[in-house]
Amino acid sequence: MNRIAQACVMTFFGAAVLRASVTDLYLRYVKEGLRPFLIAASLLLIAVAVMTLWYELLPHTDAHEDRNNPDEHAHHEPRVAWLLLLPALGLLLVTPPALGSYAAGQAGTALTAEQDYDYDYPPLPAGDPATTTVFDYASRALFDKGQSIGTRRVQLTGFTTPGPDGQPILARMILSCCAADGRPVKLGMAGNAPTGLANDTWIQVTGRYTDRVTRDSINDEEIPYIDVESWRQVTAPKDPYE
């Protein structure tokens, strides 16, 4: 691999990152707020590659002398550098699924006793039902004992995954930075809970607070429940993470 080949690979890699950044594909890997940084990084890669090609293709006296003396002056990078094409090809040709049921089944729930938030929760959003996140409801149910929920109905969206007893539970992955640190928030479903759904089925659940809890079989932390009144199957959201 010479410098011209390096520049071509860098252009290809930068273009792949740019394509993922200007579409919703990047949401499978990182949080939404990182899009500007991905675009800037991809443009920088392409700019460096173009500058490298421009420099290498310009006629240089010393460059001609180097080509006439390959044994003394020629320099090539290791062939392993061609492996940089693999992630770029992956970005261009493969659309990976978002973290879902399998990832949730390999990790304990993200809400732990060590995170017991000791503060006053703000009121739920207006409306009936109040639309909120799985993380927000689970936090209120565990650490606030449902006091900030009261008797209000809430509406949550998540995917199904097997719970500790094998019955389907509602889950949503949360990210601190990127998919590599994704962790599941798990929520049991009582009442009119769905049955017979395949794993990774996205559903919208409407229900009320219940003090019922169970234990996660992976990290032995508490998993709260929601008393389901109704549910419906929905398409996966554009951003699958919370």
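Here are legends for several close-up views of this predicted model.

Residues are numbered from 1 along each chain as its sequence is written. Because this is a predicted model, local features need pLDDT of at least 70 and side-chain atom pairs count only at pLDDT 80 or more, while totals for chains, interfaces and linings use all residues, and side-chain values use heavy atoms, with hydrogens and water left out.

**View 1**
Let's start with strand 3, which covers residues 168–174. Helices (H or I, at least four residues) and strands (E, at least two) are DSSP runs, numbered from the N terminus. Two strands are said to pair if DSSP finds at least two bridges between them. Strand 2 (residues 154–162) pairs with strand 3 in the antiparallel sense over four bridges, and here Thr161 stands opposite Ile169 of strand 3. The hairpin of strand 2 and strand 3 has five residues between the strands, and in it Gly166 takes a positive phi near 90°. Strand 4 (residues 183–191) also runs antiparallel to strand 3, joined to it by five bridges. Six of the seven residues of strand 3 are buried, so this strand is largely enclosed by the rest of the structure. Buried means under 20% relative accessible area, exposed means over 50%, and partly exposed lies in between (1.4 Å probe, protein chains only).

**View 2**
Which residue of strand 4 is the bridge partner of Arg172? It is Val185. The side chain of Arg172 also meets that of Glu242 in a salt bridge, at 3.6 Å from N to O. Arg172 lies in strand 3 and Glu242 in the segment after strand 6 (222–233), so this pair ties together parts that are 70 residues apart in sequence. A salt bridge is a side-chain nitrogen of Lys or Arg within 4 Å of a carboxyl oxygen of Asp or Glu. Arg172 is buried at 9% relative accessibility, whereas Glu242 is partly exposed at 26%.

**View 1. Strands 4, 5 and 6.**
With strand 4, the pairing is parallel and has four bridges; Gly191 stands opposite Val228 of strand 6. With strand 5, strand 6 runs antiparallel, and eleven bridges join them. Thr214 stands opposite Ile223 of strand 6. Six residues lie between the strands in the hairpin of strand 5 and strand 6, where Asp220 takes a positive phi near 60°.

Have a look at Glu229 and Arg208, which form a salt bridge with their closest N and O atoms 2.6 Å apart. Glu229 lies in strand 6 and Arg208 in strand 5 (residues 202–215), so the pair ties together parts that are 21 residues apart in sequence. Glu229 is partly exposed, with a relative accessible area of 33%, and Arg208 is partly exposed at 33%. Asp128, Arg153, Arg208 and Glu229 are linked in a network of salt bridges. A search of the whole structure finds eight salt bridges.

Arg140 and Asp136 join side chains in a salt bridge of 2.9 Å, N to O. The two are four residues apart in helix 7 (residues 134–143), so about one helical turn separates them. Are these residues buried or exposed? Arg140 is buried, and so is Asp136.

**View 2. Gly108 in its loop.**
Gly108 sits in the loop between helix 6 (101–106) and strand 1 (130–131), and is buried at 17% relative accessible area. Its C-alpha is 7.6 Å from that of Ser217, although the two residues are 109 apart in sequence. Not counting residues up to four places away in sequence, Gly108 touches Pro184, Lys186, Asp216, Ile218 and Asn219 (contact means heavy atoms within 4.5 Å).

Cys8 is partly exposed at 42% relative accessibility, and Cys177 is partly exposed at 38%. How many disulfides does the structure hold? The structure holds zero, a disulfide being a pair of cysteine sulfur atoms within 2.5 Å.
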